[in-house]
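Let's take a walk through this one, a strand at a time and then out to an interface. Have the coordinates open as you read.

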Amino acid sequence: MRLSRRALLGSAIAAPTLARAQGGDPYVIGTLFPLSGPNAEYGKVFTEGVQLAMQHAQSEGMLRRPLRLQAEDTQALPQQAVVGMTKLVNVDRASYVMVGFTAVSKAVAPVGDRAKTVMVNGGAVGPDLAGLSPYFWNTIPLAHLETREMLPFMMRRNLKRVALVYVDDPLGDAILGILRNDLPRAGGQLVGSFSVPRTAQQFGPVAARIRQTRPDTVYIASFGAQQGQIIKGLRDNGVTVPLTSYSAMNLESIRNLAEAEGLLFTSQQTDFAAGDELTRRYAADFKARFGSDPGTYNTNYYNATRLFCLLAQKLERENKEVNGDTLRAALLEQKEFDLVGGRASFDEQGSMTAAIQINEVRGGRVNTVTG
Amino acid sequence: MSGATHPLVCRDLSISFGGVKAVQGVSLALPTGKVLALVGPNGAGKTTLFNLITGNLRADAGEATLDDESLIGLKPWQVARRGVARSFQDLRLFTHMTVRENALAATERGSWFWQTGDAKARAARVEAALEATGLSSLAESRAVDLAYAERKFLSMARILAAEARIWLLDEPASGLDLASRIRFAALLRAATARSVTICLIEHNLDVVAELADEIAFLDRGVVLAVGEPQAILRDKALAAIYFGERVA
Amino acid sequence: MTAYLANLATLAAIFGILAATLNVAVGYAGIFSVAHAVFFGLGAYAGAQLALLLVPDALLAMLVAALVAGGLSLCLALPALRVRGEYFVAASLGLQMMATTLFTEAKGLTGGMGGLVGIPRPMVLGFEVPTLALALAALVLILLATWLMARGSFGRTLRAIRDAESAAEALGKNINAAKALAVAFACAGAGVAGALFALHMSFVNVESFTLDQSVLVMAMVIVGGTGTLWGPLLGAVLLLSLPAGLSFLPFIPPTEIGAVQQIIYGAAMTLLMIFRPAGLLGDMRTGRKA
Amino acid sequence: MLFLQLLLGGLQTGALYALTACGFALIFGATKVFHFAHGASFTLAGYLFLLMWNNGYPAWLGVLAAILVATGFGVAMERFVYRPIQRHEGGFFTVFVAAFGVSLVVQNLVGMWAGRGFVVADSTLSRATEVLPEVFLAPVFWVSLAVAAVLFLALGLFLTRHPAGVALRALAQNSDLIRAYGLSSHRLSLLAFALGSALAAPAAVLTAITTGMNEAVGHHVMLISMAATIVGGVGSLKGAALAGLSLGVAESVVLNFADPQWAEAASFVVLFGFILFRPSGLFGHAVAR
């Protein structure tokens with residue numbers, strides 16, 4: 001094992017000499033992202049955030065021991081995820097594992113719980129992800145909270161009649177629930193809800209049904225490649241009203257889609273230009289390394305990785321061992337951290353709460369809208 | 001024409017395919033312990049007649065009875081379990097099974113995970129069938145690896161092992177050399193001696209003359225004549241039809 | 001490392017059961033089903049619900065799963081008795097796609113996409129046992145049953161039907177009954193595997209019971225060699241450990257790991273089929289059916 | 001009006017399904033190879049067109065390149081995968097697994113090369129306008145129907161007039177007959193693969209313009225083509241095309257009566273029903289035992 005670890009370290013993160021200089025076995029940061037299959041675009045985005053945070057931590061010399069990234073492909077499927085998770089826990093002895101996607105999160109949670117390994121989610125936003133295990137944390141506000149923040153904005157923009165296109169998973173269900181219950185209270189109306197299979201490709205017929213409901217806006221609750229197809233399918237088939245959605249839309253392929261012009265979606269608040277030093281450095285270095293502006297998911301996983309570095313640094317200073325229990329204790333002790341986008345606070349379950357902002361796609365860029 | 005002397009009887013069997021009358025009004029009775037040969041040009045409806053009896057095809061009209069019990073509406077396996085065995089022109093051996101397994105499969109009728117009845121008796125029947133067909137030495141060869149004549153005999157071994165009272169044989173001797181034909185004839189003689197009733201389709205008139213006790217001549221789905229081999233074979237009109245010189 | 005290997009071994013045993021039972025349908029009865037994951041799923045849901053609602057007894061879960069999956073195997077048996085070859089493949093495919101939709105929509109029973117969480121650890125007679133032991137025991141029993149069946153009269157009947165259906169029927173074999181029984185056995189076995197899977201994973205959702213999973217199990221059978229006893233097991237071990245082993249390769253950049261693994265995996269399957277079309281343990285002489 | 005809209009939308013989708021299904025049926029009919037990698041031809045053609053379109057090449061060149069790559073892929077599959085397997089007497093499922101492996105490779109190579117996620121050729125052709133009250137049609141609707149009609153006409157002429165086409169049809173009905181006449185069934189197989197795969201290319205291009213592509217799109221195309229071939233009746237190109245059209249229409253029109261999550265299942269219920277109750281398909285010969 002030892003030999004291959006060295007080799008891995010060299011290729012993934014830093015020069016072996018640096019590793020030796022910092023001394024000791026590396027902390028292994030594991031990732032369980034879809035790296036192939038229809039959701040692979042997310043895997044790439046998630047990993048970029050992790051990579052940049054590790055680069056920053058190394059160059060700052062935050063930790064005494066080096067960091068090593070160990071990526072496992074899940075294809076966003078539960079079974080593959082469990083195989084990857086047991087490998088990370090038992091073979092790579094990962095200190096900290098980052099996950100994405102609801103089914104993956106739920107499948108690996110029992111494994112991490114038993115092994116007392118901290119798992120952090122920065123991508124999946126189903127409401128059923130809170131409190132899966134004491135070692136399961138979230139660095140993303142769960143999506144139903146995002147939707148709730150969207151409602152007053154919709155009312156201000158006079159988008160009162162809402163039609164929902166959703167994938168029938170816990171997330172879609174939660175959003176449906178909010179639109180059903182909270183939307184009327186806010187002064188709006190859910191005029192139609194259309195559940196689509198994850199594999200659906202044709203949205204012309206759905207668009208026809210949606211037009212019939214005469215909505216002021218269509219709220220899209222899907223993820224991955226399908227989102228783009230839904231937007232295009234609606235726009236091509238005579239749905240001209242504004243489209244609304246949540247943070248899953250923060251993908252390059254959506255930004256670059258001509259039909260996505262004017263799309264409104266929520267995400268956690270980050271002001272890259274006016275923010276603190278950490279945020280500015282992040283935005284600049286991200287652009288330098290990956291050639292594009294960072295998105296929400298990049299940030300969430302940057303923050304998740306940054307959080308580990310901060311916790312481990314604290315533990316190293318106190319001369320404590322870094323493991324699931326000590327990490328958790330450290331998190332609950334401090335609760336508030338300086339992360340990209342400002343100060344973030346965590347609740348008892350390890351879920352991050354952050355302010356929500358509303359974004360709009362304009363000319364291939366994501367702009368924050370106010371009011 | 002029924003009961004003890006003629007176990008299998010067809011009455012007015014008819015079937016047509018898309019307007020073509022493949023078999024029309026065929027009445028035949030197979031005498032116990034005798035060989036009846038079905039003779040006629042290609043497309044006369046001989047194999048179709050077999051398929052009607054065995055339940056592979058459902059007759060439009062008419063009846064087929066075994067010991068005065070109707071066979072119409074029964075599935076092929078139900079007909080088989082009543083004691084009617086058949087061979088196929090293209091043999092349809094269990095190609096990837098050994099010779100012994102082919103015969104063994106013929107003795108096993110239960111579809112459940114295991115068989116009822118005496119396993120030793122079944123094994124003895126298999127060995128006897130292989131012995132009679134001269135396949136004992138090839139018992140462990142796969143059917144697909146056999147020579148042509150051996151395959152034909154394996155097809156017969158399956159029927160022997162199945163212990164049927166009625167044999168319906170579709171061109172069992174075609175392509176056999178003289179020595180094999182002699183062995184084949186002996187096989188049939190031994191069977192009829194045990195009161196097995198046989199109906200065979202055969203094109204080679206020498207074989208027919210040698211083996212048949214009775215001949216039925218079919219043409220275009222109709223039985224033109226039934227009778228003694230010599231009488232039928234000498235009939236000039238029938239010969240003309242057989243050799244393709246049709247009279248309108 | 002041991003826990004990792006134990007996890008892989010458990011999955012290999014579970015998929016070994018799936019492949020071995022599918023082999024009964026494919027290798028012996030000639031029924032080419034690409035809907036095996038449906039019955040895997042039925043067993044998993046049945047086992048999971050039993051463990052969640054009543055008792056987490058593994059033996060009972062497996063029994064109930066086998067009954068549910070075996071009972072509902074009629075959905076598969078019905079087309080199997082009507083049509084053959086490519087037609088049946090298409091029918092089973094239709095069944096698989098319908099079942100995936102039903103699994104997603106029947107949230108009361110399956111939890112839909114969200115799945116069923118918190119399935120308790122398996123117990124046998126009140127003692128907690130590792131799923132590896134259970135899975136291995138079940139695998140051994142099923143392989144033994146398959147072996148006994150294959151060399152007994154039932155296996156002979158199935159092979160006879162596969163080679164020449166009309167001849168088998170003409171020898172008095174009730175083909176529909178034999179096929180239905182083979183399908184029921186195969187599906188009940190898939191149900192057992194499903195129950196084990198649910199107890200092992202503690203979480204199941206529809207994404208484990210899709211067409212891709214059915215195709216994977218089919219590939220295991222074909223790669224190992226249809227109609228052989230050990231072939232499907234070898235195929236299961238190979239196809240599960242190949243991607244797992246590839247994840248140890250050090251030189252692949254993190255974001256391309258998935259694609260590179262899949263490419264190696266796909267290419268390996270194709271090359272194997274070109275050079276060993278009868279599978280690794282298959283008899284090269286028995287390629288095509290007559 | 002909803003019904004009319006759904007019907008017209010279904011026709012557009014169905015025309016594309018008909019093209020890919022017909023290609024699959026042509027290959028299957030003539031060579032008896034269940035070409036599971038047909039979807040990969042589609043994926044390759046669609047992505048190559050996208051690449052050329054986005055780099056500013058004229059559309060006709062993109063279409064030509066798409067047709068070439070699909071044809072080349074089909075021929076290569078026949079030559080380097082299916083034929084060696086059949087020479088070894090590999091069975092139906094050996095072909096299946098081999099083709100499945102190739103599909104995986106293609107899908108992931110495309111993902112690595114073209115990026116993972118949704119891509120689309122930006123064009124005004126797909127933008128619908130209201131032609132009747134409540135009925136929206138895009139220019140691509142007419143293009144799809146026209147392309148399908150022209151190709152089917154051309155294919156029909158080729159299969160009935162050209163000697164090679166006639167031989168292909170004969171091969172579909174009786175391969176022994178062809179061999180008896182001394183025609184090379186190998187060259188005819190290649191022709192079938194070339195033609196069948198080429199038929200997928202226009203559909204792929206139109207899909208790239210309308211619904212867009214992702215690297216896993218081939219999967220869906222494959223399933224639909226296969227279902228249409230069975231429903232239409234094996235050996236009948238007319239049947240496959242008509243069934244493809246009907247599946248497209250059914251998938252769309254079902255939304256008039258049910259919620260969208262049932263749309264995909266609807267196609268397969270139709271397939272399952274056909275197999276149970278009319279296994280010979282729309283135009284096929286009886287196959288039930």
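Which residue in β10(B) is the bridge partner of D219(B)? That's V222(B). Before going on: this is a predicted model, where local features need pLDDT of at least 70 and side-chain atom pairs pLDDT 80 or more, while totals for chains, interfaces and linings use all residues. Residues are numbered from 1 along each chain as written, chains are lettered from A and ligands numbered from 1 in written order, and side-chain values use heavy atoms, leaving out hydrogens and water.

β9(B) (residues 214-219) and β10(B) (residues 222-227) run antiparallel, joined by five bridges; strands here are DSSP E runs of at least two residues, helices H or I runs of at least four, numbered from the N terminus, and pairing takes at least two DSSP bridges. Two residues sit between the strands of this hairpin, and R220(B) takes a positive phi near 45°. β9(B) also pairs with β3(B) (residues 35-39), this time parallel, over four bridges, with I215(B) as the partner of A37(B). Five of the six residues of β9(B) are buried (under 20% relative accessible area, 1.4 Å probe, protein chains only).

Now hop over to chain D, where 46 residues are in contact (heavy atoms within 4.5 Å) with 51 of chain C. The rule finds zero salt bridges between them, meaning a Lys or Arg side-chain nitrogen within 4 Å of an Asp or Glu carboxyl oxygen. Among the helices of chain D, α4(D) gives the most to the side touching chain C, with 14 residues.

Conventions. Buried means under 20% relative accessible area, exposed over 50%, partly exposed in between (1.4 Å probe, protein chains only).
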